[in-house]
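The entries follow in the order in which I made them.

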Amino acid sequence: MDGKENKIVKEEHPSKENDQVQTNDSMDIDKNEGSTVHNDHADKQPSDERKEPTENKRSKRMFGALLGTLGKFQKEAEREKQSETRVRRAELEKKLAKRQEEERKELDIQESQEQEQREKDLAQERRVAMEDLELDLKDLKQTLKKQESTFLKTNTEPRLYYRPYYLLPSQKEYLDQVREEKD
Amino acid sequence: MSFTPSRSQSPVSSESDPAVGPCPFLIQVYHQFHTRNHILDVLDDVVPSIEIYGWMNMSLYELGVFIAEKILFQQEDTKHPEWMLQFRFVFHDRFKGRPSSRDMGTICLHNPKLFQGSKLLKATGMKCGDRIDVCIKPNKIRLRK
């Protein structure tokens, strides 16, 4: 009697092992649609839980996919922005380089012009100094020639100038003659 | 017999008569580019020299012009005013009993007012018979800013 009661008790209170067997059977809902023995005990508790995980998972998957696509678009937009900035930066650098080159060319031109002007001024100064020098030389030679008419010269080589305190008449005549020839 | 009243024009002792002027005398000028000659070379007449007529109230610049005409203006590459001439006269010092020299000054051909261009020969202490040693150096014209 007790053994039969135990058997009955066991049947009334199904063990976990039977639950597992029943949950496995619950996955195959389409196959065991007709059977009610399993559904009465096993589907009451996990039936909502079976629906929730699948729907949750689906919704989670869809949400994840949405997020993923949004993130993708965001990343693409950022990339485009960066590339735009890159393009702008490259353009700015090109402009700067052009401007620097132009400024350098202008400076070079200016320097060369200043150098030319300086050389012209130097050449002009040299020309003027040379002309003044030649004029001074001319004046000095004229002074020396005047002194030739005032002083007597020796016959020796090199010739020396002299003038006695008292001039002889012949010497005076000679000097007058030289003066007249020069005049 | 009439005598013309004239004064002795010895360049050593007498003062110059303004009507007559100072008597020119012969100066032996020894020259060298970029350096000076040795005193003994000058006195022994070993180095090249030229003879120039000068007078006692002549300036160093005028002397330099005469020197340049004989040395520098003979060739085209040296015929320009950008030269500097350093003068000194060489003599036998009777008191020391040996050859000696004394600096006279420096001149620039492109500007007679630079350095000692207006210094007269008689102010340098030179006497008739002393030999002059000239050092010729290039000196570029500098533009005023």
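This is a predicted model: local features need pLDDT of at least 70, side-chain atom pairs count only at pLDDT 80 or more; totals for chains, interfaces and linings use all residues.

**Entry 1**

Side-chain values use heavy atoms, without hydrogens and water; residues are numbered from 1 along each chain as its sequence is written, and chains are lettered from A and ligands numbered from 1 in the order in which they are written.

Strand 2 (residues 25-33) and strand 3 of chain B run antiparallel and are joined by six bridges. Two strands pair if DSSP finds at least two bridges between them. Helices (H or I, at least four residues) and strands (E, at least two) are DSSP runs, numbered from the N terminus.

Which residues of strand 3 are on its covered face? I noted Ile50(B), Ile52(B) and Gly54(B) there, with Ser49(B), Glu51(B) and Tyr53(B) on the uncovered face. In a regular strand the side chains alternate between the two faces of the sheet.

**Entry 2: the cores**

I then looked for nonpolar cores, which are sets of buried (under 20% relative accessible area, 1.4 Å probe, protein chains only; exposed is over 50%, partly exposed in between) Ala, Val, Leu, Ile, Met, Phe, Trp, Tyr and Cys residues joined through side-chain atoms within 4.5 Å. The largest has 36 residues, and Leu63(B), Ile67(B), Leu85(B), Phe87(B), Leu121(B) and Ile132(B) touch the most other members. Elements giving two or more residues to this core include helix 4 (46-148) of chain A and helix 2 (60-71) of chain B. Helix 2 of chain B gives the most, eight residues. Apart from this core lies another, of five residues, including Ile39(B) and Val90(B).

Leaving out residues up to four places away in sequence, I listed what Ile67(B) touches: Val29(B), Ile50(B), Ile52(B), Leu72(B), Leu85(B), Phe87(B) and Val134(B). Contact means heavy atoms within 4.5 Å.

**Entry 3: chain A**

Chain A has five helices and three strands, in the order α-α-α-α-β-β-β-α from the N terminus. Of its 183 residues, 13% count as buried.

**Entry 4: confidence**

I checked pLDDT, the predictor's confidence in each residue, from 0 to 100. Chain B has a mean of 84, and 85% of its residues reach 70 or more. Over residues 1-16 of chain B the pLDDT is below 50. For the complex, the predictor gives an ipTM of 0.80 and a pTM of 0.63.
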